Amino acid sequence: MLSARIHKSFAGREDASPFTLDIDLEMVEGGNVLFGPSGSGKTLTLDSIAGFVRPDEGRILLFDEILYDSRAGVHLKPQRRHCGYVFQKYALFPHMTLKQNLEFAAGVPKSLEKRRKVNEMIERFRLGEVAGLHPHEVSGGQKQRCSIARALIGEPRILLLDEPSQGLDATLRAELYAVLRQVRAEFETPILLVTHDLEESFELGDELFVIHQGRLVQQGSPKDVLSKPATAEVAELLGHKNVLSAEIVSLDPGRNSSRLKIDDFEMVATYLPGHLIGDHISVFTRPEDLRAWPQAQTRVVKGAGAAGGSSGAGAGGKKDERLGPNQIPAILERIVALPNSLRLEFEGGLTVTQNVPAPQLTAREWVVEFPPESIRVIGR
Amino acid sequence: MDWFPLWLSLRVALASTALALAAGLAVAYVLANHNFRGRELLDAMVTLPLALPPTVLGFYLLVVIGRASPVGKIWETLFGSPLVFTVKAAILAAVLHAAPLLIKSARAAFESVDQSYERAARTLGASEWRLFWRVTLPLSRRPILAAAALAFARSLGDFGITLMVAGNIPGRTQTLALAIYDAVESGNSTMAGLFSLIVSLIALAAVFVVNRFGARLDASERGKAVA
């Protein structure tokens, strides 16, 4: 399949800081996703593969063909790379109808076979009714389907997609995923998709490559990457806002439990295999795994877990005796409405997503509870 | 009333606009797509005619195509008569007058075509030739059309360069601008006025074309306008 070792540096200029892309990717058959924040170098990677950009050094191999090799001095033109490329804003030629766009992609000379191929694509991607219209006359979904059909018509060896869902509403996004699922079912073309959207990565990726600041920081199946982020950095990129550093106080494999010291609080977590007492580790919790309620309503539980002391996370020590195990006080900073719930953002970056009865939303001092099984270790 | 200068000028302007368009698009394409040493020097060279006095340009052209020059000699051996002081020389003069404008506009037009269209065409396997004719040129045709209209109007009115290389031979190389000058000199203000009016009307039409097509449109809007 595709293997790409790419090194490219940009010197800093007045309007741009220096940037170095230095990655080594080994793709799998099926769906590959390059995930990273904007400016991480993922589009540059895609452009190097497509041949728009010449790396300083490295080697790009697509199946058995060398697309680029700095040592051998090989740098194939984009025309000869057999990469289908779907552009962020489709890049359908505005002066041609959708059908003419497909015909252009089918190439010259125009044979009966090519005409048949164009018609087949029009049918497969449900463009029959709009084939004679220009791109500005059709819907976003139709443009999207046409651009994917156009990229596939020349039977490329790989389909590259540059942030295809950027700026799309939920409906169009769902439509895009459906089309890409169709592509995966009907075509054998492997896919490499660039995105900074996590949802998309899980939707489409068999293999997920996380890149950050020009480097590959983790690779694996989306499930593995999400459940075992290799570093705190990856965890944060993946949207685990609740990344905390902790010290292991005790470990009890028999009862499958452990005790961690996080800030000044002790918490109970599940047993952590492969770690030692006294280890400093990073843990994360998903916002939806936490529970929070206003402090005024704190149920008084005889303090088994939470020890006192001055609080790093919030409200100060005086109410600590009212906190139960794995509970910490926190000051609510911001509330963000999500489609089906609310995201509560606390001072210090702690985030909880859940539903909250409206009257409680005025409270400032809250209690956040970490269920033991919600605490996950980053790495290993 | 002798209408010869009007027909001659229209013929010269038409031929020179076509020539300037062909040569200008080629030069503009090179300037827009190839990054080579001396690119900006070439751009400056082809812009120079806009800044130089017409008589100086005429003099240079005379040096290049005169009967004693290599080009002039080759021409004379090939065609049996000199190039200077003919309609062909007048056309060359008008090309020199009109081309800089075309090259400038065409380069800007080519460079303003959204890069992703050209990239898309390349990944789809299109040769650079096909990319130019099927994508780049159609997408930049409006500003180029506008520049061509302006070039036509300019070549219609060239005086200095034409006078230097084609002379002012009534019935042979006397163009509108020269005829107006002669008419004023000999006190024939009716003829001067009429010819001036005709030139003005043609120029006005050209300006209309420029305003109609030359309005700055970004690539997507241009697409809509074309469609």
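In chain A of this predicted model, 62% of the contacts with a separation of 6 or more are between residues 24 or more positions apart. Of the 380 residues in chain A, 41% are buried.

Now let's look at where chain A meets chain B. The contact draws 21 residues from chain A and 19 residues from chain B. On the chain A side, β7 (83-86) and α2 (98-106) each put in at least two residues. The largest share of that side belongs to β7(A), with three residues. Sort the chain A side by class and you get twelve nonpolar, seven polar and two charged residues.

Next, hop over to chain B and find two of its helices, α3 (residues 54-65) and α5 (residues 87-112). Their axes come within 11 Å and cross at roughly 130°. Angles over 145 degrees would count as roughly antiparallel and 65 to 115 as roughly perpendicular, so α3(B) and α5(B) are oblique to each other. The crossing of this pair is right-handed.

Which residues make the contact between α3(B) and α5(B)? From α3(B) come L57(B), G58(B), L61(B) and I65(B), and they meet A89(B), L92(B), A93(B) and L96(B) of α5(B). By class, seven residues in this helix contact are nonpolar and one is polar, with no charged residues.

Technical notes
Residues are numbered from 1 along each chain as its sequence is written. Chains are lettered from A and ligands numbered from 1 in the order in which they are written. This is a predicted model: local features need pLDDT of at least 70, side-chain atom pairs count only at pLDDT 80 or more; totals for chains, interfaces and linings use all residues. Axes are lines fitted to C-alpha atoms, for helices over the stretch in contact, and angles run from 0 to 180 degrees between N-to-C directions. Helices (H or I, at least four residues) and strands (E, at least two) are DSSP runs, numbered from the N terminus. Angles under 35 degrees count as roughly parallel, over 145 as roughly antiparallel, 65 to 115 as roughly perpendicular and the rest as oblique. A crossing is left-handed if the near helix is turned anticlockwise from the far one by less than a right angle, and right-handed if clockwise. Two residues are in contact if their C-beta atoms, placed from the backbone, lie within 7 Å. Ala, Val, Leu, Ile, Met, Phe, Trp, Tyr, Cys and Pro count as nonpolar, Asp, Glu, Lys and Arg as charged, and the others, Gly among them, as polar. A residue is buried if 20 or more other C-beta atoms lie within 10 Å of its own, exposed if 12 or fewer, and partly exposed in between; C-beta atoms are placed from the backbone.
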